[in-house]
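Please open the structure in your viewer and keep the selection tool at hand. This tour moves from one selection to the next and says what is found at each stop.

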Amino acid sequence: MSPKIERGIYVAIILVLAIVLISFGKKEVELKKQIPITAEELYKKLSNPKIKVQIIDVRELTLSDEVGGYEDSRIPGALPYPNCDDSKMNQGYLVEAKKRINPYMYTVIISADGNPEIFKKCAEKFTNAQNLAGGMKAWQEAGLPDESGEYTPPKAGGGGGCL
């Protein structure tokens, strides 16, 4: 067999394998979207500095229910994105938070109770998103750390984790 034909065969095999790998990657992301993450699993990921996780809290800023809103209690480092509604992101500190939202980063969506409808609406805005099973209520019931108050962006060069 001539070297040109052999080279062509190798290139074709590599292209087919690349396409197969890409399709498996897309399927994995779609499957991940269907399986919610537990509060304990999320806490372990947040505790590992090698794993980058973006937390998007879709609750209203303040609520009077038992779970409360974003300003009442939230997972440390969570970014506010009320109802995944872009029109709400043009007020006060939400403008700064909007600048930090990365649609291409692994993201966990936090609602009050893990509402699948809100998750579905928000997941469309991110390439790799997962729902927190039970939402903020499950996080609180697990006794995991939280913070409160208005969103303040992290200081430059702060380093370290949020937990």
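## Starting at the sheet

Begin with E1 and E3, two strands that run parallel and are joined by 4 bridges. Bear in mind throughout that the model you are looking at is a predicted one. If you select Gln 54 and look across to E3, you will find its bridge partner there, Thr 107.

Now widen the selection to the whole sheet, which is open and has 4 strands in the order E2-E1-E3-E4, with parallel pairing. Strand E2 (79-80) and strand E4 (129-131) each have a single partner strand, so these two stand at the edges and one side of each is left without a neighbour in the sheet.

## The disulfide

Where does each partner of the pair lie in the chain? Cys 84 sits in the loop between E2 and H3, whereas Cys 122 belongs to helix H4, and the pair, 38 residues apart, links distant parts of the chain. Both Cys 84 and Cys 122 are buried, and a search of the whole structure finds 1 disulfide. The torsion about the S-S bond of Cys 84 and Cys 122 is about 125°, so this disulfide is right-handed.

Select H2 next and colour its buried residues, which are Ala 39, Leu 42 and Leu 46. When you look down the axis of H2, these buried residues fall within an arc of 65°, so they line one face of the helix. Among the elements that cover them are E1, E3 and H5.

Finally, centre the view on Leu 42 and show what surrounds it: leaving aside residues up to four places away in sequence, Leu 42 touches Ile 37, Val 53, Ile 55, Ile 75, Val 108, Ile 110, Leu 132 and Trp 139. The largest nonpolar core has 35 residues, and Leu 42 is one of those with the most contacts inside it, together with Ile 55, Ile 75, Val 108, Leu 132 and Trp 139. Elements that give two or more residues to this core include helix H2 (39-47), strand E1 (54-57), strand E3 (107-110) and helix H5 (135-141).

How values were computed
Residues are numbered from 1 along each chain as its sequence is written. This is a predicted model: local features need pLDDT of at least 70, side-chain atom pairs count only at pLDDT 80 or more; totals for chains, interfaces and linings use all residues. Side-chain values use heavy atoms; hydrogens and water are left out. A nonpolar core is a set of buried Ala, Val, Leu, Ile, Met, Phe, Trp, Tyr and Cys residues joined through side-chain atoms within 4.5 Å. Buried means under 20% relative accessible area, exposed over 50%, partly exposed in between (1.4 Å probe, protein chains only). Contact means heavy atoms within 4.5 Å. Two strands pair if DSSP finds at least two bridges between them. A disulfide is a pair of cysteine sulfur atoms within 2.5 Å. The arc is that of the directions from the helix axis to the C-beta atoms.
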